[in-house]
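My entries follow the order in which I checked them.

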Amino acid sequence: MAAPKIVFYFDTVSPFAYIAYYVFRHDPVFAECNITYVPILLGGLFKMCSNTAPIMIKNKDKWIDRERQIWASAFDVPMHQERPPNFPPRTLPIMRALAALGSTSQSSLTSALDALWEEFFVHHARTEEPAELRRNLSKALESQSLADEILRRAASDDADGGKATLTANTEKAFRDGAFGVPWLVCTRSDGQQESFWGVDHLGRLAAFLQLDKPATGKWKSLL
């Protein structure tokens with residue numbers, strides 16, 4: 001029987017995408033799933049959907065920040081209590097680099113994400129700045145020359161470069177129904193498919209994929 005599949009659309013600007021990613025990477029509930037991480041540009045998706053960032057909406061900006069803290073605490077996700085001082089940063093350079101990297105290797109992509117998300121949401125590093133992005137990629141890939149090659153491809157106008165790949169990923173997310181991140185397209189072992197949005201729907205996602213989730217502890221918040 002085929003393993004359950006999840007296509008995970010994300011932008012590193014989203015704390016909720018980070019929380020969902022951390023859960024997928026560390027919670028044994030999802031160990032049997034085949035997860036594909038797909039970088040998109042959230043701002044570009046918002047334009048396609050005529051959507052607005054929650055932080056730009058009065059009252060919702062405060063509510064959404066509190067939700068970030070609650071969900072991070074519920075699932076033991078390391079995250080600074082305060083928002084990064086430059087939030088929301090311009091993530092275009094990051095997402096182009098991750099798009100270039102993701103088209104080459106999912107394992108390298110997750111290594112880069114582990115580093116970038118921790119640096120941004122835990123340590124408040126300015127990961128979008130060129131020097132900081134290069135440093136994190138070099139550390140994650142254990143190679144400065146490989147990091148430089150990824151950054152070269154990220155800025156390339158070639159069909160397989162970061163610019164074109166990120167645009168194609170974002171358009172694909174829109175066609176798959178996305179209007180925000182994390183957007184999760186799930187395929188069950190029997191081939192049935194359903195999409196979910198946000199951390200607060202991980203319980204429904206696990207139920208749809210027929211995963212054995214714990215009935216106690218952190219999962220109580222989703223039941």
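Entry 1, ground rules. I worked on a predicted model, in which local features need pLDDT of at least 70, side-chain atom pairs count only at pLDDT 80 or more, and totals for chains, interfaces and linings use all residues. Residues are numbered from 1 along each chain as its sequence is written, and side-chain values use heavy atoms, with hydrogens and water left out.

S14 sits in the loop between strand 1 and helix 1. Helices (H or I, at least four residues) and strands (E, at least two) are DSSP runs, numbered from the N terminus. The relative accessible area of S14 is 6%, so I logged S14 as buried. Buried means under 20% relative accessible area, exposed over 50%, and partly exposed in between (1.4 Å probe, protein chains only). Beyond its neighbours within four places in sequence, S14 contacts W117, F121 and V181, contact meaning heavy atoms within 4.5 Å.

How do the axes of helix 1 and helix 3 cross? They come within 10 Å and cross at roughly 10°, and so helix 1 is roughly parallel to helix 3. The axes are lines fitted to C-alpha atoms, for helices over the stretch in contact, with angles from 0 to 180 degrees between N-to-C directions; angles under 35 degrees count as roughly parallel, over 145 as roughly antiparallel, 65 to 115 as roughly perpendicular and the rest as oblique. On the helix 1 side I listed P15, F16 and I19, which meet I64, E67, R68, W71 and A72 of helix 3.

R68 belongs to helix 3 (residues 60–74) and is buried, at 3% relative accessibility. Not counting residues up to four places away in sequence, its contacts include P15, F16, I19, H80 and E82.

Among the elements its buried residues pack against are strand 1 (5–10), strand 2 (34–39) and helix 8 (162–175).

K47 lies in helix 2 (residues 42–49) and is exposed, with a relative accessible area of 72%. K47 and F179 are 132 residues apart in sequence, yet 9.5 Å apart in space, C-alpha to C-alpha.
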